[in-house]
Amino acid sequence: MSQQTVDPKVRSQNRKVVSALVLVFAAPVILAYVAMHMGWFHMATKNNGTLLQTPYPHFDQFEWFGVDDEPLHFRDFETQWWWVYFPEQNTCDEACELNIHWLTQTHATLGKESDKLTRLIVFPDDIIYEDQVQDSEQLRLARGNGQPTIGDGAQLEAGNVYLMDVHGNIFMRYEPVANEQEAIMRSKGLRDDVRRAIKTTGL
């Protein structure tokens, strides 16, 4: 019985085919490994705010009142995304003005998504900021009963900004900005988070 000899060219081609097949199947695994260890996945999904623990606080757990002293009802808030800011006192001081301005300027840069979001400012127990509001369609004012950040089994932090989804879930917290430079630097992160949330949910 004679042993067939394989043409060196054929052998070389076969090796190339096998190598190509191995590379095709191994490449995704290698890329995933590299991406994980380089932090690419983490960077792509990183939030700029602090994600709250579940179950998230919900709009209905808090008692807030509008400028007409009527209780706010979630039926008037659904279908919109909200940035909710809690000034630490009824008089809007320099820090309060700075953070409202931060939200206003960032809102203006949302482009086509700007109509999907409204800003809500909730003062402790009195609204004395009405004459400062220029666009009441995208900036709502409210008050609480002294402690608007404490609700039925839920507690938020005064002075902070929160992101609330169209279902009333308050799920992301942002520290207030301390100066104009910080406001400019953090505007992109605030904008990116809400854009990502809108894109992810399709709402």
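These legends describe an overall view and several close-ups of one predicted protein model.

In this predicted model, local features need pLDDT of at least 70 and side-chain atom pairs count only at pLDDT 80 or more, while totals for chains, interfaces and linings use all residues. Residues are numbered from 1 along each chain as its sequence is written, and side-chain values use heavy atoms, with hydrogens and water left out.

**View 1. Overall fold of the protein.** The protein holds four helices and eight strands. Helices (H or I, at least four residues) and strands (E, at least two) are DSSP runs, numbered from the N terminus. The element order from the N terminus is α-α-β-β-α-β-β-β-β-β-β-α. The protein has 203 residues, and 39% of them count as buried. Buried means under 20% relative accessible area, exposed means over 50%, and partly exposed lies in between (1.4 Å probe, protein chains only). The accessible surface is about 12900 Å². Carbon and sulfur atoms account for 53% of that surface. Areas come from the Shrake-Rupley method with a 1.4 Å probe; for residues, only the protein chains shown count as cover. Take the contacts between residues at least 6 apart in sequence: 65% join residues at least 24 apart. Contact here means heavy atoms within 4.5 Å.

**View 2. Helix H3 against helix H4.** H3 spans residues 94-108 and H4 spans residues 180-201. Their axes come within 10 Å and cross at roughly 45°. Axes are lines fitted to C-alpha atoms, for helices over the stretch in contact, and angles run from 0 to 180 degrees between N-to-C directions. H3 and H4 are therefore oblique to each other. Angles under 35 degrees count as roughly parallel, over 145 as roughly antiparallel, 65 to 115 as roughly perpendicular, and the rest as oblique. The crossing of H3 past H4 is right-handed. That term applies if the near helix is turned clockwise from the far one by less than a right angle; anticlockwise gives left-handed.

**View 3. Side chains and residues where H3 meets H4.** H3 contributes Leu-98, His-101, Trp-102, Leu-103 and Thr-106. H4 contributes Glu-180, Ala-183, Arg-186, Ser-187, Leu-190 and Arg-191. By class, this contact has five nonpolar, three polar and three charged residues. Ala, Val, Leu, Ile, Met, Phe, Trp, Tyr, Cys and Pro count as nonpolar; Asp, Glu, Lys and Arg as charged; the others, Gly among them, as polar. Ser-187 sits in H4. Ser-187 is buried, at 12% relative accessible area. Residues up to four places away in sequence aside, Ser-187 touches Trp-102 and Thr-106.

**View 4. The loop between strands S1 and S2.** S1 covers residues 50-51 and S2 covers 81-85, and Pro-55 lies in the loop between them. A cis peptide bond joins Thr-54 to Pro-55, with omega about 0°. Asp-69 is in the loop between S1 and S2. Asp-69 is not a glycine, yet its phi is positive, about 70°. Its relative accessibility of 46% makes Asp-69 partly exposed. Thr-79 is also found between S1 and S2. Thr-79 has a positive phi of about 80°, although it is not a glycine. Thr-79 counts as exposed, at 63% relative accessibility.

**View 5. Gly-146 in the loop between strands S4 and S5.** Gly-146 lies between S4 (139-143) and S5 (150-151). With 33% relative accessibility, Gly-146 counts as partly exposed. Neighbours within four places in sequence aside, Gly-146 is in contact with Pro-124 and Asp-125. Asp-126 is 20 residues from Gly-146 along the chain, and their C-alpha atoms are separated by 8.5 Å.
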